There are 2 protein chains.
Amino acid sequence: MSRFKMLALAAASALSFPLPVQASPEQTARLRDAALADTLAWDITEGLTTEIGQRKAGSDAEARARDWAVAKLKALGFSNVRIETFDIPYWERGIATAEITAPFPQQLILTALGNSGATPDKGLTAEVIGFDSLDELKAADPAAVKGKIVFVTHRMAPAQDGSPYGPVGNVRRQGPSIASKLGAAAILIRSIGTDHHRVPHTGVQDWSNGAKPIPAAALSNPDADQLERVLKRGKPVSIALTITAKMAGKRQSGNVIAEITGRDPAAGIVLVGGHLDSWDLGTGAIDDGTGVAITTAAAKHILDAGQPLRTIRIVWFGSEEIGSFGGTNYFDRHKAEKHHVAAESDFGADRVWRFETRVTDAAVPAMKPIAAALLPLGIVQGHNGTADGSDLDELAKSGVPIIALSQDGTRYFDLHHTADDTLDKVDPAQLRQNVAAWTAMLSVVANDPTEYGPVTGKTE
Amino acid sequence: MSRFKMLALAAASALSFPLPVQASPEQTARLRDAALADTLAWDITEGLTTEIGQRKAGSDAEARARDWAVAKLKALGFSNVRIETFDIPYWERGIATAEITAPFPQQLILTALGNSGATPDKGLTAEVIGFDSLDELKAADPAAVKGKIVFVTHRMAPAQDGSPYGPVGNVRRQGPSIASKLGAAAILIRSIGTDHHRVPHTGVQDWSNGAKPIPAAALSNPDADQLERVLKRGKPVSIALTITAKMAGKRQSGNVIAEITGRDPAAGIVLVGGHLDSWDLGTGAIDDGTGVAITTAAAKHILDAGQPLRTIRIVWFGSEEIGSFGGTNYFDRHKAEKHHVAAESDFGADRVWRFETRVTDAAVPAMKPIAAALLPLGIVQGHNGTADGSDLDELAKSGVPIIALSQDGTRYFDLHHTADDTLDKVDPAQLRQNVAAWTAMLSVVANDPTEYGPVTGKTE
């Protein structure tokens with residue numbers, strides 16, 4: 001810490017009623033434009049993906065990543081750097097192989113879905129029954145499904161806002177439980193993804209309403225195309241499937257937290273972050289190495305500019321992928337603290353094109369300085385009331401205001417939850433635009449004394 | 001066969017010295033334009049990749065593909081449909097896994113190269129020594145390489161004519177033997193490919209000059225990027241490698257042949273084709289399902305238009321990928337027959353942009369009608385003397401003229417020899433342009449009485 005900052009901190013602490021000093025639009029613009037030359041977000045993403053690689057929730061790699069994060073955040077000069085651990089149910093992926101045995105013998109490429117059950121050790125062979133959508137599966141006659149391998153082939157279209165992931169993603173989220181309850185031997189789904197590569201998309205699902213775990217896996221899109229074509233020939237299709245996934249007790253996960261102490265501790269926390277864990281197939285570059293990197297780099301630009309009014313808290317959440325355990329644990333520990341606003345970056349690193357908010361109606365005019373600071377980056381203002389972030393769900397439900405800087409998601413689901421989520425997919429120029437956007441947003445919200453919440457009646 | 005065609009055939013056979021009837025430019029243009037609506041090339045590619053899938057040289061799948069081909073070629077009305085079998089040395093891929101064990105533990109994705117040796121059953125762990133190019137490896141001190149895992153990371157750039165595949169491909173073709181002779185424990189190369197996906201590129205290599213087989217594999221491009229970054233950290237890097245590949249005796253392969261009998265058997269054979277075998281990782285859509293499909297569809301358009309002057313022979317070569325065994329076997333059996341010209345399609349299915357030739361200087365003017373017929377498809381004329389085709393090497397060396405319809409190869413090496421070589425990568429519109437180009441070319445060369453060869457002194 002510089003002598004100047006120490007003096008400023010001492011002076012601020014000495015005031016019983018510190019006067020908030022808002023960042024001027026000029027100060028914000030200067031910080032934003034300087035952040036367009038940011039190198040830290042790339043350094044963090046490159047370091048985390050290279051020196052740790054995949055960071056599956058509860059794995060040794062995730063634990064190494066926490067230590068890596070602590071060292072990095074301390075070296076950057078943040079305060080109160082710490083790990084908050086918690087236990088999670090641990091799922092082991094094992095192996096997943098599949099082969100069409102009739103009528104056209106050939107291998108298929110697939111990956112188990114989170115919490116998938118296992119086949120018998122020697123695999124299972126069964127006839128395939130195909131469905132175009134989840135609704136078709138829901139309407140199926142159990143007698144037709146019983147003992148078969150269900151295949152649901154609903155395709156997902158790319159979209160800038162990623163909105164198809166909600167409905168189409170339900171094939172993954174709900175399909176396995178529905179198939180299990182219908183008596184299926186296993187379920188294969190078309191990957192919830194928009195690419196055309198032999199890189200299947202994993203992702204979590206839970207066995208709801210007491211559904212018995214069955215083997216559940218996603219075919220890559222070209223393999224799903226292939227199985228569709230094979231089924232269209234009209235002959236009975238059999239697949240031999242081996243999945244050795246299993247639940248393997250409890251393992252430790254954790255959140256990594258760092259702060260910039262604000263001048264006014266009572267002004268509430270500005271929470272920013274992403275998630276440190278990743279799926280195990282790729283190296284978690286865009287999901288979500290860049291999320292922790294962008295938000296940390298932006299906070300660093302604020303830190304270097306001098307002490308903000310409010311405390312900025314950076315959280316690198318653990319175990320997001322398997323059910324936002326990090327977000328839940330954070331809420332349980334910190335719900336009594338005043339959170340001024342929270343924002344998560346968890347949608348890759350392509351350019352931010354929109355910012356959305358979830359603040360009180362009274363606070364909507366206070367969004368104008370943010371909008372003004374973001375517009376030069378080509379970022380337009382969306383609606384109030386719709387912003388979210390998966391690790392922020394509990395905070396949002398409790399009334400904490402949310403800001404979302406929405407990235408262009410057109411190619412996000414090409415890579416999401418696949419082996420292809422690697423550093424080469426990050427565009428350094430777009431990454432820098434993200435850092436500039438977050439820096440500008442933080443410059444305003446960490447210094448504006450206006451209250452944004454609590455927000456009630458806007459939960460969707 | 002239609003009554004008209006039967007009569008025409010009978011009339012032609014009745015002539016002791018049949019008068020060659022050249023296809024008029026108008027006839028050729030009409031055939032070409034009709035072929036732009038072709039559906040057969042898609043049907044063949046779709047059928048072969050769906051009903052057979054991968055067709056590795058010597059595999060049961062390749063044998064099924066030959067039977068599939070015979071049925072298809074007979075159903076299309078071609079004559080003299082037959083299989084010519086031969087034996088090949090069979091290489092089993094087994095499994096290939098790799099893990100960086102220090103300093104940053106993580107899995108890498110790789111695939112064994114053709115004819116790779118195996119590690120011990122439990123794998124081997126060794127330090128990695130990196131090289132930027134084959135020349136750097138060649139110049140290495142054996143003492144520095146001995147017992148290590150060699151890594152050569154030369155990158156290949158995309159190019160319309162695919163020319164980087166020659167020099168950069170030597171990393172795969174020669175690297176393993178060079179590393180072996182330097183005493184390396186194994187060799188990993190950056191995939192010979194231009195994509196950014198976790199789909200490594202396999203391909204053949206031979207153990208030259210008595211080099212002892214060692215484990216030899218290609219990392220996907222993102223994995224090669226990763227290993228480069230890890231090495232640049234400057235700490236010793238160790239990898240645990242398991243490859244269970246092995247040579248497994250002789251297996252049967254074969255060529256599938258079909259013909260359109262020409263009006264003048266003495267006028268020589270116009271040979272067209274592609275290769276039926278594929279690598280085992282994908283379904284051999286662009287390499288080379290489309291090659292056999294395009295040439296067969298073009299021949300079918302000629303067949304349906306009436307008997308040509310010369311015999312058109314379609315060859316679906318076997319075992320090209322592991323060393324052009326089909327081409328060699330074809331030459332050994334058929335070298336005594338007069339071949340007027342030969343042409344192979346084996347560079348994907350993107351649009352033909354250039355046609356090149358290897359004919360006598362005297363025959364160069366006879367290329368003009370071909371050029372005129374191709375130009376409306378946007379195809380420009382290249383040089384005389386440079387055309388080739390891997391299954392045609394022996395024919396070319398013996399003086400048989402060659403015509404090459406060069407496809408745009410800009411994205412070919414994104415897919416080549418990977419799991420991603422699947423039907424969805426074929427653009428139906430560009431595939432039809434290929435069929436039109438081949439139809440136009442065949443219409444001219446099968447009917448023009450001009451001799452194109454024999455060609456001497458043009459072998460490169």
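Predicted model: local features only at pLDDT ≥ 70, side-chain atom pairs only at ≥ 80, totals over all residues.
**Exercise 1. How the copies are related**

*Solution.* 
Step 1: Two copies of a chain are related by a rotation about an axis and a shift along it.
Step 2: Compare the two sides of the interface.

**Exercise 2. Two domains in chain A**

Describe the division of chain A into domains and the contact of domain 1 with domain 2.

*Solution.* 
Step 1: Domain 1 of chain A covers 3-88 + 250-445, and domain 2 covers 94-244.
Step 2: Examine the contact. Here 20 residues of domain 1 of chain A are in contact with 19 residues of domain 2 of chain A. On the domain 1 side, helix H13 (residues 412-415) of chain A gives the most, with three residues. By class, that side holds eight nonpolar, seven polar and five charged residues.

**Exercise 3. Helix H2 of chain A and its partners**

Classify the packing of H2(A) against H9(A) and against H14(A) from the angles between their axes.

*Solution.* 
Step 1: Keep the two quantities in mind. Two packed helices are described by the angle between their axes and the distance between the axes.
Step 2: Take H9(A). The axes of H2 (residues 25-35) and H9 (residues 285-305) of chain A come within 11 Å and cross at roughly 130°. That angle makes H2(A) oblique to H9(A). The crossing is right-handed.
Step 3: Name the residues of this contact. A:Leu31, A:Ala34 and A:Ala35 come from H2(A), while A:Ala298, A:His301 and A:Ala305 come from H9(A). They divide into five nonpolar, one polar and no charged.
Step 4: Turn to H14(A). The axes of H2(A) and H14 (residues 428-445) of chain A come within 8 Å and cross at roughly 155°. Angles over 145 degrees count as roughly antiparallel, and H2(A) and H14(A) are therefore roughly antiparallel to each other. This crossing is right-handed.
Step 5: Name the residues here too. In H2(A), A:Gln27, A:Thr28, A:Leu31, A:Arg32 and A:Ala35 meet a set in H14(A) that includes A:Val435, A:Thr439 and A:Val444. By class, the contact has six nonpolar, four polar and one charged residues.

**Exercise 4. The H2 and H14 pair in chain B**

Classify the packing of H2(B) against H14(B) in the same way.

*Solution.* 
Step 1: Read the geometry. The axes of H2 (residues 25-35) and H14 (residues 428-445) of chain B come within 8 Å and cross at roughly 160°.
Step 2: Classify it. H2(B) and H14(B) are therefore roughly antiparallel to each other, and their crossing is right-handed.
Step 3: List some of the residues. Among those of H2(B) in the contact are B:Leu31 and B:Arg32, and among those of H14(B) are B:Ala436 and B:Ser443. The residues of the contact divide into six nonpolar, four polar and one charged.

**Exercise 5. Backbone details**

Locate two cis peptide bonds and a positive phi at a residue that is not a glycine.

*Solution.* 
Step 1: Recall the background. Most residues other than glycine have a negative phi, and most peptide bonds are trans.
Step 2: Check omega. A cis peptide bond with omega of about 10° joins A:Asp287 and A:Asp288, and A:Asp288 lies in helix H9 of chain A. In chain B, the bond from B:Ala102 to B:Pro103 is cis, with omega near 0°. B:Pro103 sits in the loop between strand E2 (96-102) and strand E3 (106-108) of chain B.
Step 3: Check phi. A:Ser319 is not a glycine, yet has a positive phi of about 55°. A:Ser319 is found in the loop between strand E12 (311-317) and helix H10 (325-334) of chain A.

Key
Residues numbered from 1 in each chain as written. Chains lettered and ligands numbered in written order. Domains from an automatic or database assignment. Contact = placed C-beta atoms within 7 Å. Helix = DSSP H or I, 4+ residues; strand = E, 2+ residues; numbered from the N terminus. Nonpolar A, V, L, I, M, F, W, Y, C, P; charged D, E, K, R; others polar. Axes fitted to C-alpha atoms, helices over the stretch in contact; angles between N-to-C directions. Parallel < 35°, antiparallel > 145°, perpendicular 65-115°, else oblique. Left-handed = near helix turned anticlockwise from the far one by under 90°.
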